Amino acid sequence: MSSTYRDGSSASQPYQDPTPLPASVPKVNELGTTSAPLKSAAFFIGAHCKEFNGLCPSSDAVTQDFMLCKAENRDPAHCLKEGRRVTRCATDLITKMRENCLSQFEEHWQCLEYNNQEYQFCRKPERALNKCMFEKLGLVKTIPGSPKGVKPIHEVENPIYGRMQK
Amino acid sequence: MPVPWEALIPFGLVTAMFGAAGTLLNFSKREQNYGKGPRYHIDSWDAMMMDRDKRITGHARLQKSDTTAPVGFETSSVWYTQRAQ
């Protein structure tokens, strides 16, 4: 049994990274939210993390900083600080969302899960969630890059495309 | 004249078999996906997110909306050792 090749798919233990981050890197708890709630909260994370300052009062546009940093260099080690800020901001927002708008949030992401995580089939719960978020937290969903003068697609009253069958 | 109802039995059988096959397939798909339909049009982003969901909850279709990550989540990602695609 000296050097038999063992493929990763036949591993008996789940994968564990043999080289975790060193202790010199500050530890931030990872965001344990799965994909559907994140997709539901996506635009609010964008709106909230524009003003979130984290620990440094002079920083703003947390997500924009991270994207610009990544555009410079794709190496994971280059953008650790901005990544930590994004994680903290997103964790903060999801916690606030759950405190204030839990039922609307749950309804929207469960609707997304029933519809292949596509937004166009879940406008009704989305409107309720947007209304609650605006009232409680003052956050508005805006789609960046949408043409001006035209109603954004999430505000169109009777869209022409709907579900084909349940 | 009596109606030849026996001739309609095969039609009924075929319809019932189609219905049974469709129902069984639908039921099987729903059971595999926790009561929801299967995901379709999955691109590499969706595949990555579904793999992340599996690392968090244990199954690619199970969702969790609170922010606490399971123990060992930080080191369970295979991404760093995967071949670049």
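In this predicted model, Arg98(A) pairs with Glu106(A) in a salt bridge, a term used here for a side-chain nitrogen of Lys or Arg within 4 Å of a carboxyl oxygen of Asp or Glu, and their closest N and O atoms are 4.0 Å apart. Arg98(A) itself is partly exposed, with a relative accessible area of 27%; that class lies between buried (under 20% relative accessible area) and exposed (over 50%), computed with a 1.4 Å probe on protein chains only. By the same rule, the count over all chains comes to 10 salt bridges.

Another pair in chain A is Lys131(A) and Glu135(A), whose side chains meet at 3.4 Å, N to O. These two residues sit 4 residues apart in helix H4 (residues 123–137) of chain A, and so are separated by about one helical turn. Both Lys131(A) and Glu135(A) are exposed.

Turning to chain B, Arg39(B) forms a salt bridge with Asp46(B), with 3.5 Å between the closest N and O atoms. Arg39(B) and Asp46(B) are both buried. Shared partners also link Glu113(A), Lys36(B) and Arg61(B) into one network of salt bridges.

An unreviewed UniProt entry lists residues 7–27 of chain B as "transmembrane region", in the numbering used here, with a shortened feature name and an annotation that may be inferred rather than shown by experiment. The span is 90% helix and 0% strand, and its end C-alpha atoms lie 31 Å apart; helices (H or I, at least four residues) and strands (E, at least two) are DSSP runs, numbered from the N terminus.

A few conventions apply. Residues are numbered from 1 along each chain as its sequence is written, while chains are lettered from A and ligands numbered from 1 in the order in which they are written. Local features need pLDDT of at least 70 and side-chain atom pairs count only at pLDDT 80 or more, whereas totals for chains, interfaces and linings use all residues, and side-chain values use heavy atoms, leaving out hydrogens and water.
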